[in-house]
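Open the model in your viewer and keep the sequence panel beside it. The stops below can be selected one after another.

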Amino acid sequence: MNIKNICCIGAGYVGGPTMAVIAKKCPHIKVTVVDVNKDRIAAWNHEDLSKLPVFEPELDTIVQEARGRNLFFSTDVDKAIDEAEMIFISVNTPTKTYGKGKGMAADLKYIELCARQIARVSKTNKIVVEKSTLPVRTASAIKNILDHTGNGVQFQILSNPEFLAEGTAVSDLLNPDRVLIGGDTTPEGTKAVNDLVEIYGNWVPKAQILTTNVWSSELSKLAANAFLAQRVSSINALSELCEQTGADVNEVAKAIGMDSRIGPKFLKASVGFGGSCFQKDILNLVYIARTYGLDEVSNYWEQVIIMNNHQKQRFSDNIVSTLYNTVSGKKIAFLGWAFKKDTNDTRESAAINIADNLLNEQAAVSVYDPKVVEERIYADLDYLNSRDSEENRKLLKVENDPYETCNKAHAIAVLTEWDEFVTYDWERIYDNMEKPAFIFDGRGVLNRELLNSIGFVYYNIGSGIIE
Ligand code: UDX
Ligand code: ADP
């Protein structure tokens with residue numbers, strides 16, 4: 001099949017940037033990104049590129065180049081499906097909040113709705129590509145729905161998991177370590193795989209495009225995220241031990257990372273990993289293993305999540321105990337709310353639980369994040385249902401200025417590693433804080449010597465307070 005029209009269902013953090021890059025690199029293909037969320041589509045079409053719904057470095061430039069040429073954002077899902085030879089499914093697959101598998105399994109209702117819509121609308125053969133992270137064997141469920149409810153047209157289902165990391169989405173898409181495509185080994189399946197290989201071949205060297213069977217591809221995505229998250233939990237586990245023993249976790253990370261078998265990446269101790277993928281994918285893995293009765297396997301991976309929850313809890317506990325066992329009425333300034341730098345995404349961000357824990361202790365939390373908007377912060381807190389939304393707005397304030405955030409604070413908690421935090425006028429911040437002025441650096445990004453010389457009491461994750 002000669003692919004001239006691509007449709008992508010879901011204009012989120014995955015669908016938006018991925019399709020923008022495909023449109024940039026394949027000007028001969030018309031790419032239409034559709035979503036049921038009208039506001040989101042309007043934001044993607046906004047003339048002012050700073051209003052795009054997803055913030056990613058360089059994304060605005062690419063959207064500007066391709067939008068209106070061969071990249072379109074629309075709410076007309078049926079039309080885009082009808083026109084396309086290839087349809088990407090990039091809808092959200094949150095963890096189930098009800099019924100069997102609650103809190104663990106992926107909720108596939110949005111995927112199923114998409115499959116039913118594709119089946120209903122399609123009048124010509126289509127290649128359907130799973131982009132969303134999905135439990136192993138979802139492709140067969142999609143195929144089942146398509147084959148049994150469709151209009152007799154042929155569907156090929158491919159798995160093409162997304163490995164982009166937020167904050168570096170554009171460069172990850174332009175220069176991927178690898179592209180993974182899983183498909184059926186039948187002649188039709190192989191042909192569909194080749195069609196997708198050809199699209200990526202417009203900018204990715206062929207040697208970096210791996211083709212596998214569908215199940216291997218689906219499981220590889222969960223496995224990659226589980227391995228990455230496991231490294232973060234491993235270094236975070238060591239960070240607590242370092243604080244007790246006088247070792248410095250950054251020195252340990254450097255020493256072990258220079259072993260070429262271990263490697264230096266993903267060894268930065270932190271306040272705990274966040275993001276839409278790590279926790280969800282591991283819970284998925286745990287759930288799948290448990291479903292097959294593989295208790296040791298599921299318990300093994302579950303420990304990665306248990307460690308992550310512990311790291312968040314111990315960070316807030318440490319703030320309370322260091323501030324003389326009470327933070328009631330004390331202002332605690334949060335620098336950062338996003339789950340990592342260079343993104344406005346806050347899903348599963350450690351900051352949310354840490355704020356919640358401190359609000360339970362009646363702290364007055366004040367938040368500054370360079371990219372996250374006030375509504376998002378309150379929505380994240382309200383979602384936890386720990387207290388009513390009025391109470392959340394009373395106890396937690398969102399500021400637009402970091403100096404205002406830190407003014408009269410008893411302590412500062414650094415929760416995201418935004419570059420700009422390092423360059424602040426720390427003397428000025430110190431002068432306007434209550435004394436002793438504490439900093440809890442949950443990302444290990446600030447300059448200890450400078451801060452100590454100014455007079456701060458500086459706690460660094462993985463080395464503790466060194467005066
Ligand atoms: C991840 C995977 O990296 C990506 O391949 C997949 O497609 C989606 O999930 P993402 O969640 O966007 O990407 O960001 P990532 O850079 O992996 O960071 C995840 C979390 O781990 C962040 O909260 C980050 O701060 C934290 N982290 C990462 C650490 O705490 N220490 C590290 O050394 C690395
Ligand atoms: P991700 O990080 O996986 O991209 P997001 O939540 O950012 O997840 O984006 C998923 C998008 O998919 C949302 O904008 C949501 O409105 C959209 N979506 C979900 N179900 C459908 C559907 N059936 N048709 C069209 N869009 C959908």
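Which of the residues around ligand 2 come nearest? Select Gly10, Gly12, Tyr13, Val14 and Val91, the nearest of the 21 residues around ligand 2; a residue is near a molecule or strand if its C-beta atom, placed from the backbone, lies within 6 Å of it.

Two notes on the model apply throughout. It is a predicted model, in which local features need pLDDT of at least 70 and side-chain atom pairs count only at pLDDT 80 or more, while totals for chains, interfaces and linings use all residues. Residues are numbered from 1 along each chain as its sequence is written, with chains lettered from A and ligands numbered from 1 in the order in which they are written.

Stay with ligand 2 and show its whole shell. Helix H5 gives the most to this shell, with 3 residues; helices (H or I, at least four residues) and strands (E, at least two) are DSSP runs, numbered from the N terminus. The shell around ligand 2 has 11 nonpolar, 8 polar and 2 charged residues. In this scheme Ala, Val, Leu, Ile, Met, Phe, Trp, Tyr, Cys and Pro count as nonpolar, Asp, Glu, Lys and Arg as charged, and the others, Gly among them, as polar.

Next, select residues 109–121 (H5) and 138–149 (H6). These helices pack at an angle of about 30°, with their axes 8 Å apart; axes are lines fitted to C-alpha atoms, for helices over the stretch in contact, and angles run from 0 to 180 degrees between N-to-C directions. On the H5 side, Ile111, Glu112, Ala115, Arg116, Ile118 and Ala119 meet Thr138, Ile142, Ile145, Leu146 and Thr149 of H6, where contact requires C-beta atoms, placed from the backbone, within 7 Å. By class, this contact has 7 nonpolar, 2 polar and 2 charged residues.

Now colour by domain: domain 1 is 5–210 and domain 2 is 213–467, with bounds from an automatic or database domain assignment. Their centres, taken over C-alpha atoms, are separated by 31 Å. The contact takes 28 residues from domain 1 and 26 residues from domain 2. On the domain 1 side, H6, strand S6 (155–159) and strand S7 (179–182) are the elements that give two or more residues, and S7 gives the most, with 3 residues.

Move to ligand 1. Of the 19 residues surrounding ligand 1, the closest are Lys268, Ser270, Phe273, Gly275 and Cys277. Domain 1 and domain 2 each supply at least three residues to this shell. Helix H9 (residues 214–245) has the largest share, 3 residues. The shell around ligand 1 divides into 11 nonpolar, 4 polar and 4 charged residues.

Then display the open sheet of 7 strands, ordered S11-S10-S9-S12-S13-S14-S15 with mixed pairing; two strands pair if DSSP finds at least two bridges between them. Strands S11 (396–398) and S15 (464–465) stand at the edges with a single partner strand each, so one side of each is left without a neighbour in the sheet. Strand S9 (residues 331–335) and strand S10 (residues 364–368) pair in the parallel sense over 5 bridges. Phe334 has Val367 in S10 as its bridge partner.

Finish with two backbone details. Tyr324, in the loop between helix H12 (295–322) and S9, has a positive phi near 60° in a residue other than glycine. The peptide bond from Lys435 to Pro436 is cis, with omega near -10°; Pro436 lies in the loop between helix H17 (426–431) and strand S13 (438–441).

Notes. Contact = placed C-beta atoms within 7 Å.
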